[in-house]
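Good morning, colleagues. Please look at the display first.

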Amino acid sequence: MISLGDLPLRADLVGEEPYGAPQLDVPVVLNVNENPYPPSPAVRQEMAAAVVAAAGTLNRYPDREARALRQDLAEYLGHGLTADRIWAANGSNEIMSHLLTAFGGPGRKVLTFTPTYSMYPEYARNTCTQYVTVERRADYTLDAGLVLDAIAEHRPTVVLITTPNNPTGTTVPLEVFDEVCAATDAIVVADEAYQEFSSGPSALELLDRHPRLVVSRTLSKAFALAGGRVGYLAAAPAIVDACRIVRLPYHLSAQTQAVARVALAHADEMLARVRELAAEARSFEEWARSHGYGVIESEANFSLIGRFPDRHQVWQRLLDRGILVRETGPAGFLRVSAGTPEEMATLKDALTDLNPERLP
Ligand SMILES: *Cc1c(COP(=O)(O)O)cnc(C)c1O
């Protein structure tokens, strides 16, 4: 059998491993910030019916502009947005790939602020965009001065700012986006994958003022549709046009568009657990704090607790009890997604039993 080393793999991909969080079949899965509540039986039925209807035309290519879905997304977001200012793709990871393919590429840089989402370097690598990072402040927040200094130093064409940030859960105030966008020609992307969980305002409010601002969203987290693979952005029509140039033709399947439209038609129901999940995360953080753990201030549906002298050992011991959390974030911390009350109780019991060593 031929091996990878014998193939003419791109030089910059040699030695790379496929990346991703472990997918393990255990009772308590709290590692990838999914919504623990599946769509209701009624919504499932409607999704199945929509797929049956779509199957009636599966001999034809799907609408490559996904017009109806983009219209639904515009209505969901509000803020006076229209379908020509929305783009949709297979998860926001494909949205980011479109943006970096269009606005990054060889000889160009994308700037992020670490610690941040572990997938960004992959999108940069795949699109041959140089990935540059600057550390956030000690409390994992950002201010406009820090961002603008980094832009002046590195001259990126794309700046990715995640709010609430993954893995820290910290948010970036709108004033920071406002000041940064006013002072740069770079495309500034606000990755708002967790915005629905946060109490703060959305960068959508700034879109009319800043034509190079992009707000990226997803149905994977709050919307409980990670398996459906739908992400989207809101921006100026010209930015959508750039994405339309680089997308693969017919990138969003007919089934995907049909299922997403049913989810959006039931937005209230799909999002019903959002406040509850945010509250679950905040209450877990309070519990952790009162039990001597360090906790990072989060506005998302996940919490970071630590600091463990050996976080891998704690991760493994939790896994041995059927609880999967994520080894990510600042050294010594573990990230825990908000689960059901039962799942969180199981986690707290396990931590109480294990009583892992914590650094001050
Ligand atoms: C989970 C996540 C996404 C969503 O990715 P999808 O491809 O839409 O599932 C995007 N950005 C961040 C920071 C995330 O944590």
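**The ligand and its surroundings**

K221 places a polar side-chain atom 3.4 Å from an oxygen atom of the ligand. I count a polar contact as a pair of N or O atoms within 3.5 Å; within protein, one must be able to donate a hydrogen and the other to accept it, and residues adjacent in sequence count only if both atoms are side-chain atoms. Please bear in mind that this is a predicted model, in which local features need pLDDT of at least 70 and side-chain atom pairs count only at pLDDT 80 or more, while totals for chains, interfaces and linings use all residues. Residues are numbered from 1 along each chain as its sequence is written, and side-chain values use heavy atoms, with hydrogens and water left out.

T218 has an N or O atom in its side chain 2.6 Å from an oxygen atom of the ligand. For S92, a backbone N or O atom lies 2.6 Å from a ligand oxygen atom. The protein covers 94% of the 390 Å² of accessible area that the ligand has on its own (Shrake-Rupley method, 1.4 Å probe; for residues, only the protein chains shown count as cover).

**The sheet**

Let me turn to the sheet. Three strands form an open, antiparallel sheet in the order β9-β10-β12 (strands are DSSP runs of E, at least two residues, and helices runs of H or I, at least four, numbered from the N terminus; two strands pair if DSSP finds at least two bridges between them). At the edges are β9 (294-296) and β12 (334-337), each pairing on one side only. Three bridges join β9 to β10, residues 302-306, and G294 has G306 in β10 as its bridge partner.

**Two residues**

Is H154 buried or exposed? H154 is buried, because its relative accessible area is 16%, and buried means under 20%, exposed over 50% and partly exposed in between, with a 1.4 Å probe and protein chains only. H154 belongs to helix α5 (residues 144-154). Leaving aside neighbours within four places in sequence, H154 is in contact with K109, L111, V132 and V134 (contact means heavy atoms within 4.5 Å).

T170 sits in the loop between β5 (158-162) and α6 (174-183). T170 is also buried, as its relative accessible area is 7%. The T170 side chain reaches the backbone oxygen of Y140 at 3.1 Å. Beyond four places in sequence, the contacts of T170 include R136, D139 and E297.
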